[in-house]
Amino acid sequence: MTASGSEISSPSGPAFTGMALDRASTLRGDPAWIAQRLEDPATRAVAAGRDGVLIATAAQPRLLRRPLDRDSVAEAPDGPILLGLEGGAAVFAVDLDALEAAARARWQDGGRPVALREAGSVLSRAEGGLAAYLVGLLNWHRAHRFCANCGAATVVIEAGYARRCPHCGVVHFPRTDPVVIMVVEHAGSLLLGRRSGWPEGRYSVLAGFVSPGESLEEAVIREVREESGIEAFGPTFVTSQPWPFPSSLMLGFDARSAGGEPRALDGELEDVRWFTHDEVAAARSGAGELELPPPISIAHFLIERWVSRAR
Ligand SMILES: [Zn+2]
């Protein structure tokens, strides 16, 4: 797998990448250090709940950072969840859904909840990355309060980077579900599929979850075959994107094909076909009938990259 460092670090990389906090990996396991952070007046917290992430009402949109509120962080039933350090100050996560009504109201007084998809389009890359990190970590905690091994209630350890089962001792780590998503090209055309329920004219690159016992490259070839009947080859890694809806990691690939007539085979797509470079280029400028996926998606990033390359 080869990665292009210039694309990964590019300011024009996919939304939700570019989180700038220091995750404090070597410090977060020290309870005394965490206790000091909870007492430090410089410590801040950011919050999210079912309605989205809380954004400060300011000229330049950013996540609302509030001084630590013991009701919402230190006394949280699961224990404090540290996101990391920002300019040396600790930033904790608050799950608005877990708060009592009064504490939730105090929080929401200072900002407005914005759905993560919208946040990804209005925030800077670094703030969007922080929003994805916050939501992804809270999603995992909400869904893993009980041990998958024995069913007992688990407790937070590592200041939020793991949960331990006091009954059987198993340690559970935050999980991400790998999804491959791929540009498939043949003779200057791009393979795109359409799901039912999408806006009229919307097509996107094919994608699917990686199966157990499968490499990413094998997943690319299998998903293209299953969804379109097309044989792809030569998958090459391009870039990746955290996609916490609720816990995916999107892994973008380029692949080629010898062509053929695509058919929507597995029931997930209602149509799949080749689009010429001109058709995709027209869609990019809003012309024609094809509509591309939204700009925050890695699909958009991959299609844009494909259409922009010299042909
Ligand atoms: Zn257990």
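## About the model

This is a predicted model, in which local features need pLDDT of at least 70 and side-chain atom pairs count only at pLDDT 80 or more, while totals for chains, interfaces and linings use all residues. Residues are numbered from 1 along each chain as its sequence is written, and side-chain values use heavy atoms, with hydrogens and water left out.

## The zinc site

The zinc ion has four protein donors, Cys-147 (SG), Cys-150 (SG), Cys-165 (SG) and Cys-168 (SG), which lie 2.2 to 2.4 Å from it; donors are N, O and S atoms within 2.8 Å of the metal (3.2 Å for Na, K and Ca), and since water is not among the atoms, sites may look incomplete. The angles among the four donor atoms are 100 to 116°, and the site is tetrahedral, a label given to four donors if all angles lie between 85 and 135 degrees.

In sequence, the donor residues follow the spacing C-x2-C-x14-C-x2-C. Cys-147 is buried, with a relative accessible area of 4%, and Cys-165 is buried at 0%, whereas Cys-150 is partly exposed at 34% and Cys-168 is partly exposed at 32%. Here buried means under 20% relative accessible area, exposed over 50%, and partly exposed in between (1.4 Å probe, protein chains only).

A search of the whole structure finds zero disulfides, a disulfide being a pair of cysteine sulfur atoms within 2.5 Å.

Terms used:
Tetrahedral: all angles 85-135°; square planar, octahedral: opposite > 155°, others 65-115°.
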